[in-house]
Amino acid sequence: MTHDIRTDSYTSYRDGGPDWRDTATRYALLPLRVFLGITFIYAGLDKLTDSAFMAASGSGSIGDMMSATRESSAIPAMIDMALKNPVGFGYAIAIGELAVGIGALLGLLTRLAAFGGALISLSLWLTVSWSASPYYYGNDLPYLMAWIPLVLAGAPVLSVDAAIRSRRHGGSRHRAHAYR
């Protein structure tokens with residue numbers, strides 16, 4: 001049995017530019033980056049502007065939410081640690097979400113931002129949404145999985161990271177492709 005490589009599977013544009021599949025591949029992570037960035041910015045701002053959430057106790061407070069999920073979490077000790085200062089923990093989570101969201105949206109230190117987003121999602125999955133049954137009803141696990149491609153690949157296009165990389169390499173050939 002003989003195997004050949006098909007040469008007709010990728011046709012270039014008439015001007016010799018990249019095939020549409022190559023372009024789609026380059027931009028494949030951009031919608032994910034934009035979605036996660038906007039979502040985490042929104043989540044951080046929502047927490048920071050909700051006075052009921054940023055309270056140690058009371059309806060809708062971070063303190064009450066953590067107390068209610070303590071027994072059903074995978075790691076109750078994490079919640080116990082946060083309950084020592086629930087308001088401080090609430091601010092840390094909100095500011096972390098805001099920083100992660102801005103980093104992802106702008107493509108600034110994208111791998112670091114994505115790693116931070118993955119850690120936030122992991123901690124929320126192990127505490128707040130651990131008891132969701134079946135597991136796919138909880139939203140923190142899918143967010144954790146969504147951050148992983150950005151941890152691995154970063155933001156190769158339309159990002160501050162790409163602009164910095166292009167400047168560092170200095171060549172016009174790199175610069176022409178980095179911002180697209």
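Contact here means heavy atoms within 4.5 Å. The notes below use that cut-off throughout.

1. Basis. This is a predicted model, in which local features need pLDDT of at least 70, side-chain atom pairs count only at pLDDT 80 or more, and totals for chains, interfaces and linings use all residues. Residues are numbered from 1 along each chain as its sequence is written, and side-chain values use heavy atoms, with hydrogens and water left out.

2. Fold. The protein has nine helices and zero strands. Its pattern along the sequence is α-α-α-α-α-α-α-α-α. Elements are DSSP runs numbered from the N terminus: helices are H or I with at least four residues, strands are E with at least two. Contacts with a separation of 6 or more are 61% between residues 24 or more positions apart.

3. Burial and surface. Of the 180 residues, 35% are buried. Buried means under 20% relative accessible area, exposed over 50%, and partly exposed in between (1.4 Å probe, protein chains only). The accessible surface comes to about 11100 Å², by the Shrake-Rupley method with a 1.4 Å probe. Carbon and sulfur atoms hold 64% of that surface.

4. Main core. A nonpolar core is a set of buried Ala, Val, Leu, Ile, Met, Phe, Trp, Tyr and Cys residues joined through side-chain atoms within 4.5 Å. The largest has 14 residues. Leu36, Phe40, Val100, Ile120, Trp147 and Leu150 touch the most other members. H2, H5, H6 and H7 each give two or more residues to this core. H7 supplies the largest share, six residues.

5. Trp147. Which residues does Trp147 touch, not counting those up to four places away in sequence? They are Leu36, Phe40, Val100, Ala104, Ala113, Ala114, Gly117, Ala118 and Ser121.

6. Ala55. This residue sits in the loop between H2 and H3. Beyond its neighbours within four places in sequence, Ala55 contacts Ser61, Ile62, Gly63 and Val87. The C-alpha atoms of Ala55 and Gly88 are 9.5 Å apart, across 33 residues of chain.

7. Largest pocket. A pocket is an open set of points on a 1 Å grid over the protein atoms alone, where a 1.4 Å probe fits, with protein on both sides within 12 Å along at least five of seven lines; a cavity is a set from which the probe cannot get out, and lining residues have an atom within 4 Å of a point. The largest pocket has a volume of about 560 Å³, volume being the space filled by probe spheres set on the points, which are joined across faces, edges and corners. Its lining has 28 residues, with Lys47, Ile93, Glu97, Leu124 and Val128 nearest the centre. Helices H2 (30–48), H3 (62–69), H4 (76–83), H5 (86–106), H6 (110–127) and H7 (140–153) each give two or more residues to that lining. H2 gives the most, six residues. By class, the lining of this pocket has 17 nonpolar, six polar and five charged residues. Nonpolar covers Ala, Val, Leu, Ile, Met, Phe, Trp, Tyr, Cys and Pro; charged covers Asp, Glu, Lys and Arg; the others, Gly among them, are polar.

8. Second pocket. The second largest pocket holds about 180 Å³. Its lining includes Leu109, Thr110, Arg111, Pro156, Asp161 and Arg168. H6 and H8 (160–169) each supply at least two lining residues, and H8 gives the most, with four. The classes are five nonpolar, two polar and four charged.

9. Cavity. There is one cavity of 30 Å³ or more. The largest cavity has a volume of about 40 Å³. Arg26, Leu29, Leu30, Arg33, Leu150, Gly154, Ala155, Pro156 and Val157 line it. Six are nonpolar, one is polar and two are charged.

10. Backbone points to check. Ser133 and Pro134 are joined by a cis peptide bond, with omega about -5 degrees. Pro134 lies in the loop between H6 and H7. Leu109, in the loop between H5 and H6, has a positive phi near 50 degrees and is not a glycine. Leu109 is exposed, at 54% relative accessible area. Leu158 also has a positive phi, about 50 degrees, without being a glycine. The loop between H7 and H8 holds Leu158, which is partly exposed at 42% relative accessibility.
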